[in-house]
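Please have the view open as you read.

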Amino acid sequence: MSSLLKVDNEIKSKVDAFRERITAEAEDLVANFFPKKLLELDNFLKDPIINITELKEIHSEINLTVPDPIILPNLHDGLEANAKKRKLEDGGAEDLVSGTKVFVMPGGMMKSNTNLVDLIEKVKPEIRTLIEKCNTVKMWVQLLIPRIEDGNNFGVSIQEETVAELRTVEGEAASYLDQISRYYITRAKLVSKIAKYPHVEDYRRTVTEIDEKEYISLKIIVSELRNQYVTLHDMILKNIEKIKRPRSSNTDALY
């Protein structure tokens, strides 16, 4: 069938070398890297940095002082003329009750929560590693899928299910990165609100709640990364024969 499509011999040899490299790398990942990584992440879950019971320890102080109260004039004290004049000069009465205009932070740049930033910088490489390694193993299994034929496709279905599981793990890992980005964006918006409305305590409390939530989420992410390595390692090892040889060489006897 290969004679129906002319392929340059030099290109074919390079493609074959690529297949061999992917095969060797993927088999090493499943046999050695996955079990080592799951043990490494299991130890990480025992690290004190990710096992803080008193969440107050991860709180970050927001150095924005509450300004002195501004006494607003009573717009309904019978001095309608003066009120109207002020309204025209100031561009509207709404400006009298708007938030504090922020031109610069009192202490310079408002820092992130350093406790969470340090933890995030340790977790993010682990997420990226899982995505990259899953992609390699997925490519390996896809290259092992034989040409489409009628019958004897039980092994092929196992290969396809393995590819689907690897693709799912990739997607979940990518969603962890999105979650981290959303945390930074949400926190930044709240800190901006605090700068504009420093007298509203609920904004400050919400920042604290978000920090605590992100800390708990990061621990769950590390746990999920470990579990995914365990699941993939176990699934592929249990089905390695069908994954590497999806179709038997000779037909089983019917009787």
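## Aromatic rings

Phe33, Phe34 and Tyr229 are joined into a cluster by ring pairs; rings of Phe, Tyr and Trp (its six-membered ring) pair if their centres lie within 6.5 Å. The structure is a predicted model, in which local features need pLDDT of at least 70 and side-chain atom pairs pLDDT 80 or more, while totals for chains, interfaces and linings use all residues. Residues are numbered from 1 along each chain as its sequence is written, and side-chain values use heavy atoms, without hydrogens and water.

The structure holds 5 aromatic pairs. Among them, Phe33 and Tyr229 are edge-to-face, because their ring centres are 6.3 Å apart and their planes stand at 70 degrees (planes under 30 degrees apart count as stacked, over 60 as edge-to-face, the rest as tilted). This pair links distant parts of the chain, with Phe33 in helix H1 and Tyr229 in helix H5, 196 residues apart.

Tyr229 counts as buried, at 0% relative accessibility, whereas Phe33 counts as partly exposed at 23%. Buried means under 20% relative accessible area, exposed over 50%, and partly exposed in between, with a 1.4 Å probe and protein chains only.

## Helix packing

Helix H1 (residues 9–44) packs with helix H3 (residues 114–144) at an angle of about 145 degrees, their axes 9 Å apart. Helices here are DSSP runs (H or I) of at least four residues, numbered from the N terminus. Axes are lines fitted to C-alpha atoms over the stretch in contact, and angles between N-to-C directions run from 0 to 180 degrees.

How values were computed:
Helices (H or I, at least four residues) and strands (E, at least two) are DSSP runs, numbered from the N terminus.
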